[in-house]
Amino acid sequence: MNIRIKKLNKEAVLPCKAHQSDACYDLTAISSTTVKEHDYNYVEFDTGLAMEIPEGYCGLVFPRSSISKTGMILSNSVGVIDSKNN
């Protein structure tokens, strides 16, 4: 399957695999923003990318095991990016 990807920012990094045998592609954040909402803070990350996800499919964002070293967590354990139905 081919996924169309567009750089929205000149600093954006196209998704890539660190190793040929990797099951998934790595995303690179180019900026982050801390947001305070109610009694907690969260961080939004921007990749500077737009992706065309085909109808009937979704993108999944999973934390890497190394995130445990940062003190951060992905609040719902997985991010789901739906296709946009025009």
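Visitor: Why is methionine 1 called exposed?

Guide: In this predicted model, methionine 1 has a relative accessibility of 66%, and since exposed means over 50%, the residue falls in that class. Methionine 1 is found in the segment before strand S1.

Visitor: What makes Met1 part of a nonpolar patch on the surface?

Guide: A patch takes residues with over 30% relative accessible area and no salt bridge, and joins nonpolar side chains within 5 Å; methionine 1, at 66%, clears the first of these limits. The patch is formed by Met1, Ile3, Ile5, Leu14, Leu27, Met51, Tyr57, Val61 and Ile81, which together have about 810 Å² of accessible area.

Visitor: Why is the contact of arginine 4 with glutamate 52 called a salt bridge?

Guide: The closest N and O atoms of arginine 4 and glutamate 52 are 3.4 Å apart, and because the cut-off is a side-chain nitrogen of Lys or Arg within 4 Å of a carboxyl oxygen of Asp or Glu, the pair counts as a salt bridge. The structure holds 1 salt bridge.

Visitor: Why are cysteine 16 and cysteine 24 given the accessibility classes they have?

Guide: Cysteine 16 has 39% relative accessibility and counts as partly exposed, because that class lies between the limits of 20% and 50%. Cysteine 24 has a relative accessible area of 53% and is exposed, since the value is over 50%.

Visitor: What makes the aromatic pair of tyrosine 40 and tyrosine 42 tilted?

Guide: The two rings are 6.4 Å apart, centre to centre, which meets the requirement of centres within 6.5 Å. The angle between the planes is 40°, and because planes under 30 degrees apart count as stacked and those over 60 as edge-to-face, the pair of tyrosine 40 and tyrosine 42 is tilted. Both residues are partly exposed, tyrosine 40 with a relative accessible area of 42% and tyrosine 42 with 28%.

Visitor: What value does phi of histidine 38 take, and where does histidine 38 lie?

Guide: Phi of histidine 38 is near 55°, a positive value in a residue other than glycine. Histidine 38 lies in the loop between strand S2 and strand S3, and with a relative accessible area of 66% the residue is exposed.

Visitor: How confident is the prediction, and where is confidence lowest and highest?

Guide: The mean pLDDT of the protein is 87, and 98% of its residues reach 70 or more. Confidence is lowest in strand S3, residues 40–46, at a mean of 85, and highest in S1, at 95.

Notes: Residues numbered from 1 in each chain as written. Predicted model: local features only at pLDDT ≥ 70, side-chain atom pairs only at ≥ 80, totals over all residues. Heavy atoms only, no water. Buried < 20%, exposed > 50% of the residue type's maximum accessible area, 1.4 Å probe, protein only. pLDDT = per-residue confidence, 0-100. Helix = DSSP H or I, 4+ residues; strand = E, 2+ residues; numbered from the N terminus. Phe/Tyr/Trp six-rings, centres within 6.5 Å; stacked < 30°, edge-to-face > 60°. Patch = residues over 30% accessible without salt bridge, like charges linked within 9 Å, V, L, I, M, F, W, Y side chains within 5 Å. Areas by Shrake-Rupley, 256 points an atom, 1.4 Å probe, with all protein chains shown as cover.
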